[in-house]
Amino acid sequence: MSIKRVVVGKILVGCFTLIWVTSCFLENRRVSEADLWKRYEIELSHKRYENVIGVLSHILELYPENVDAYISRSYFFCLINQPELAIIDCEEALLLAPSSSQVYNHLAMAYYQLDQHEFALNFINVALKLNAENAYAYKNRAKIHMALGNRYQACQDLFAASQNGYNDDFAGLENDLNSLFVRNCEIVECSQ
């Protein structure tokens, strides 16, 4: 038996065990919403994104009007490169919160992943119209502008993100603001 087969086998056993443990936890219908959100935080801290999605799905099964769970799950669907599922969650969230800047931000990122950059730009502009201080939307619009070849606008948006309090809490999950700025924007010093 090859080492590759042994490793793959151990990974599969580990995955099935994790799925079983998670499903046992989620089968307990008496788990409170607060407990589920605590479980979400635990799974997130361990970067087990599929489990995060599973917990959010269970929250939505028990509390189908929880807009935060739709918004969060759409983000993680984008993170694991499932933009079609993110779009579905965003559409559900929009029914519950039609003026949520965050939902339009996630819609934009889903369409960005689908290489539908003009669509993405339209959605991100709505996000910024709804909340002109949404630092994450500025960062994401910068990514869209980069994809469209609009480097100057991208750099302006990266600067706006930093001015509006963008923090890199999720930098381990995606490109952080500083690396995007350094890679794409020239810093011009002015002398007096």
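Modeller: Helix α6 (residues 101-113) and helix α8 (residues 135-148) pack at an angle of about 25°, with their axes 10 Å apart. This is a predicted model, in which local features need pLDDT of at least 70, side-chain atom pairs count only at pLDDT 80 or more, and totals for chains, interfaces and linings use all residues. Residues are numbered from 1 along each chain as its sequence is written, and side-chain values use heavy atoms, with hydrogens and water left out.

Colleague: Why is α6 called roughly parallel to α8?

Modeller: Angles under 35 degrees count as roughly parallel, over 145 as roughly antiparallel, 65 to 115 as roughly perpendicular and the rest as oblique. The angle here is about 25°, and α6 is therefore roughly parallel to α8. Axes are lines fitted to C-alpha atoms, for helices over the stretch in contact, and angles run from 0 to 180 degrees between N-to-C directions.

Colleague: Which residues of α6 and α8 meet?

Modeller: Asn105, Ala108, Met109 and Tyr112 in α6 meet Tyr136, Ala137, Asn140, Lys143, Ile144 and Ala147 in α8 (contact: heavy atoms within 4.5 Å). By class, this contact has 7 nonpolar, 2 polar and 1 charged residues. Ala, Val, Leu, Ile, Met, Phe, Trp, Tyr, Cys and Pro count as nonpolar, Asp, Glu, Lys and Arg as charged, and the others, Gly among them, as polar.

Colleague: What makes α5 and α6 roughly antiparallel?

Modeller: Helix α5 (residues 83-96) packs on α6 at an angle of about 160°, with the axes 9 Å apart. That angle lies in the range over 145, so the two helices are roughly antiparallel to each other. Their contact has 11 nonpolar, 2 polar and no charged residues. Among the residues of α5 that meet α6 are Pro83, Ile87 and Leu94.

Colleague: Why is Ile53 called buried?

Modeller: Buried means under 20% relative accessible area, exposed over 50%, partly exposed in between (1.4 Å probe, protein chains only). Ile53 has a relative accessible area of 8%, and is therefore buried. Its place is in helix α3 (residues 49-62). Not counting residues up to four places away in sequence, Ile53 touches Arg73, Phe76, Phe77 and Ile80.

Terms used: Helices (H or I, at least four residues) and strands (E, at least two) are DSSP runs, numbered from the N terminus.
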